[in-house]
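Dear colleague,

Please find below the sequence and structure that I am handing over to you.

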Amino acid sequence: AVVQVITRKDAGYKEYCSSSDFIRTHIFPGGHLPCMAVMVEAAQRAQTELHLVDVKDIGLDYAVTLHEWRRRWNDNKSNLLKLGYDEVFIRKFDFYFAYCEAGFSMQYIHNYIITWKPSLHDTEEASLAPATQAVPSGADSWTQLILVVYIFLCGVCVGRVEGLWLAPGVAMAGVLAYKALLPLLAPRSLNTLAQKRSWVGAVVDLNFSSVVSAVFVSHVFQQTSLPPVTDHTQEALLCGVLGFYTFKLWSMVMFKTAKLGYMASLVLALICFGAAVVKGLFMGHLSLTLVSHIHSASASVFRLATLHGVKPTDRLHSLLKFVSWSTFIVFQVIPHLLLTAYIWKTREDFLPEYTFQMAFGGMLGLNLMNARLFTTMLRM
């Protein structure tokens, strides 16, 4: 069952039930906004065997809709008067649109699309109490199978590249960290399992990107040429990133949060990084792309702050957003464009020809990802 519902936060719900407000008095008499905890509790108490498996918040989009409704309402004021509606009625709904727009923009209320499914072996119970499991029970067997196959493939290649064992190591560390952090450390202030997953994902991203950024910066300062000469540090970084991208792909598939374009870009990155490491080709070029993890770290901090309730009107929100945009342009967009141009200019150094095609195609993919991310950040 899929339900669209406007909700209040769990905090203050009892007071809401014992009082009234403008909406319930003038717009929707007898109306009521439930909270997530009450809906989940009701489903469990009624023994419906329905479990919350997915939540999408479209509240910020709904705020835009309300803003447009209000504009059109006021633009058509003369027509409303001709229809017999008085000034009081018109001002009442003008206030209603503005009132709700503010509520959704500040996320005091939410507009959720919620998916409920019967309790099957491969579904996940999304209780709002501290989570006791991070992945669906049926997903564990798939996770184990995928990791076994992945480790086997890395083992086949490890004869060529000893550091390749870092790839399954980082991937498994990510899975274990996810499963451990979700039930133990996810803040109780987060109302839905989707928010808790996002929080854990941001924590994992922040830690990994911080380590990669620190190692990358210290390593680059020791180099005397660009692209840097291939060494064991670069090899270790690329193998670690290979494992991290595998973890990201796993999490999107397991929890069905993937968008096709982003999954395709991850698969492309896995192919490029894997081929470069196994073949030992142009790892110096590829390692330069890792400077973008500086932006990934700042974006993770911004995401964590938003999940913890930092509002768009707060100075901290503006500061973190500025840092995220600055690092995106300086450490991701510009370096990727420059490296793409450099690869094109030195294409004769790439032999055989397919190595140039792979390197240039991979950089074009990264630049397309950056363009997509740019449009996404503009809407934030």
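**Findings**

At 37% relative accessibility, E353 counts as partly exposed. The model that places this residue is a predicted one. E353 is joined by a salt bridge to R347, and the closest N and O atoms of the two are 3.4 Å apart. R347 is likewise partly exposed, at 31% relative accessibility.

**Other salt bridges**

In total, the structure contains 10 salt bridges. Side chains of opposite charge can pair when their charged atoms come close.

One of the pairs is formed by R303 and D205, with 3.1 Å between the closest N and O atoms. With a relative accessible area of 30%, R303 is partly exposed, whereas D205 is buried at 8%.

A further salt bridge links R24 with D21, where the closest N and O atoms lie 3.3 Å apart. R24 is a buried residue, its relative accessible area being 12%.

Salt bridges also form a network, which links E68, R71, R72 and D75.

**Helix α11**

Helix α11 covers residues 260-279, a run of 20 residues. From the first C-alpha to the last, α11 reaches 28 Å, close to the 28 Å expected at 1.5 Å a residue. Which residues of α11 are buried? They are S265, L266, A269, L270, C272, F273, G274, A276 and V277. After α11 comes G280, which has a positive phi, near 70°.

**Cysteines**

How many disulfides does the structure hold? The number is zero. C35 illustrates the point: the closest cysteine sulfur to its own is that of C17, at 7.5 Å, which is too far for a bond. For reference, a disulfide requires the two sulfur atoms to be within 2.5 Å. C35 is buried, with a relative accessibility of 2%. C100 counts as buried too, at 9% relative accessibility, and C272 is among the buried residues of α11.

With kind regards

Key. Residues are numbered from 1 along each chain as its sequence is written. This is a predicted model: local features need pLDDT of at least 70, side-chain atom pairs count only at pLDDT 80 or more; totals for chains, interfaces and linings use all residues. Side-chain values use heavy atoms; hydrogens and water are left out. A salt bridge is a side-chain nitrogen of Lys or Arg within 4 Å of a carboxyl oxygen of Asp or Glu. Buried means under 20% relative accessible area, exposed over 50%, partly exposed in between (1.4 Å probe, protein chains only). Helices (H or I, at least four residues) and strands (E, at least two) are DSSP runs, numbered from the N terminus. The expected span of a helix is 1.5 Å times one less than its number of residues.
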